[in-house]
Amino acid sequence: MSTMPTTIHGILRRHGEPPPKRGIALSILTLPWRLGSWFGGSVERHSQNIAAALVQVWVNKARSILTTLGIIIAVTSTITVVSFVQGFGNYVTDMLRGFGTNMVFVVPWIPSGADGRMHSRVVMDINDVNAVTKQCDKVRRITPLVFGSATIEYAKQKIEGVEIQGASEQFQSVRNFFADEGHFFGPVDVEWGMYSCVLGRDVLKRLDADESIVGDYVFINQLRFRVLGVLEKKGNMMGEPQDLTILIPYTTAVKMFPFSAQFMAFVIEATQEPDVEEASSQITHVLRDRHGLKPGMPNDFRLFRQDEFLRDFEKVKMIATSVLAGIVGISLIVGGVGIMNVMLVSVTERTREIGLRKSIGARRRDILFQFLTEAVVLATVGGLIGVAFGYSICAIATMHPSMVKIVVPIWAVILALGFSSGVGVVFGLVPAFKAAILHPIDALRHE
C-alpha cells in the first residue's frame, strides 16, 4: 500500500518536478540579520582599535604631543587665518551693505588712450541730473555731488583741508547717512542756496566742540554757515575717514566752486535691488542721448554700482581666504611626516606584539586597521587641540575694543579636522602596511 505524500515536496516529486529552492528565500529573509551582525562586528572592531589607539596616546603622552605638534600648529594657523580674513571681510561687507546695494554712482569720465581723444570736452551738469530724474522710472532718489576742500573755523580752532560735499536733501536717504543731532538741510535750503551745513563727528572733535554747536555758526572758506546738525558716526572705509566731512547744499557748493557746475557727479538709489541693472541702462541711454554720443563712441561718464563692487569684494575675500589657508595648510604635510616617522618607530618597537597577534589568528587587515587607526587618532587628537587653540586666539582677539568681531566659521573647523584626519590616513598607510606584511615567525624572532 503506497503512502500518500503529505508534503509539498512529496507532491512535487510525485509529478516529477524539482522541489523549490529554500536557500534563496532563506537568504533573503536572513539578509537584514546578517547585515546587522556584520555592521555590529565592524563597529566593535573599530571601537576596540580606537580605544587601543587612545591608550597608546595616553601612555606615550610626551611623544604624542611632540608628534602632533605640527598638526596642532597647522590647524591653529588655518582656523585663525581663515577666521580673521572672514571677520574683516564680513565687516567691510556689512559696511557696504549699510550703504545699500541698490546705489549707483555716476561720474564724468575721460577714457584713456584713443577713446579719450574722441571726446573734446566732458560736461555733466545739473541738467543731466534733472533729465535722469524725469526719464528714468527705475530711479527712486537722486542727489548731485559736488566735492571740494575747505578751511573751517570755529571759536579759536581752525582746520584746513577738510572735505566738503555739496548734495541735495535726499543725500541722507540715498547714502544712508543721517544726522543724529539737529537735522539735515531741507529742500528750501537747496533751492535758495542757503549757507547751512551738517558736520561730521571728526570735524566736531577737531574743533573741540560738542553737540551744542548745533544752531551756532562756523566759517567755511571765510563764509558764515549755520550748523543745522551733526552726522552719525560712520567710521573708516578702506582706510578713508567718513566722519571728517562737511555737507552743504549743492547749490551753495556751486557758488563756492563755480568750476564744479560743469563737472558734476551724482548718485542714485534704484527702486529696488533687482532694478539696479535696468536703472543703469536707463541712465546710460539718457546721458548718451543728451551728450550726443553716436554708436561706437565710448561713454564720457562712468557708472559705479554698489552691488558689483560688493560681488567683486566677495570674490577677493574668497580668493584671499583660499590662498592664505592653503599656505598655512602646507604645515599639515610637515605634521604628517612626523606622524609617519613615529608610527614607523612604533611598528619596530611592537614587532613581537604583531607576531604574537598573528600567531593566534589576527589577519593582515586587522593589523593594518589597528595601526592605521592609531595614526588617524593621533592626527585627529592634534586637530582637536588645534581647533581649541584657534577658538581661544579668536576669542581673545575679539575682546580688544578696536578689533572687529571674529567668528570661527564651522566649515573651517570641519575642513581643518577633515584635513588632519586625512593626513593621518595618508601618512599612516606606509607604517600600517609595513606592520601588516610582517611574517609572524620573523616577528616573534625579533629582538
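A salt bridge here is a side-chain nitrogen of Lys or Arg within 4 Å of a carboxyl oxygen of Asp or Glu. By that rule the structure, which is a predicted model, holds 13 salt bridges. Let's start the tour with one of them.

**Stop 1: a salt bridge between loops.** Select Lys-233 and Asp-243, and show their side chains. The closest N and O atoms of this salt bridge are 3.6 Å apart. Now colour the strands around the pair. Lys-233 sits in the loop between β7 (223-231) and β8 (236-237), while Asp-243 belongs to the loop between β9 (240-241) and β10 (245-249), so the bridge ties together parts that are 10 residues apart in sequence.

**Stop 2: two helices crossing.** Next, select residues 351-359, which are helix α13, and residues 364-398, which are helix α14. Their axes come within 10 Å and cross at roughly 140 degrees, and the crossing is right-handed. To see the contact itself, pick Glu-353, Ile-354, Arg-357 and Lys-358 on α13, then Arg-364, Asp-366, Ile-367, Gln-370 and Phe-371 on α14. What kinds of residue make up this contact of α13 with α14? Colour by type and you will find 5 charged, 3 nonpolar and 1 polar.

Stop 3: Move on to Ser-421 in helix α15. Set aside the neighbours within four places in sequence, and Ser-421 is in contact with Val-376 and Thr-380. Draw a C-alpha to C-alpha distance from Ser-421 to Thr-380: the two are 5.3 Å apart in space, yet 41 residues apart in sequence.

**Stop 4: a nonpolar patch.** Helix α15 (residues 410-436) gives the largest share of the patch, 5 residues. Phe-419 has its place in that helix, α15.

Conventions
Residues numbered from 1 in each chain as written. Predicted model: local features only at pLDDT ≥ 70, side-chain atom pairs only at ≥ 80, totals over all residues. Heavy atoms only, no water. Axes fitted to C-alpha atoms, helices over the stretch in contact; angles between N-to-C directions. Helix = DSSP H or I, 4+ residues; strand = E, 2+ residues; numbered from the N terminus. Left-handed = near helix turned anticlockwise from the far one by under 90°. Contact = heavy atoms within 4.5 Å. Nonpolar A, V, L, I, M, F, W, Y, C, P; charged D, E, K, R; others polar.
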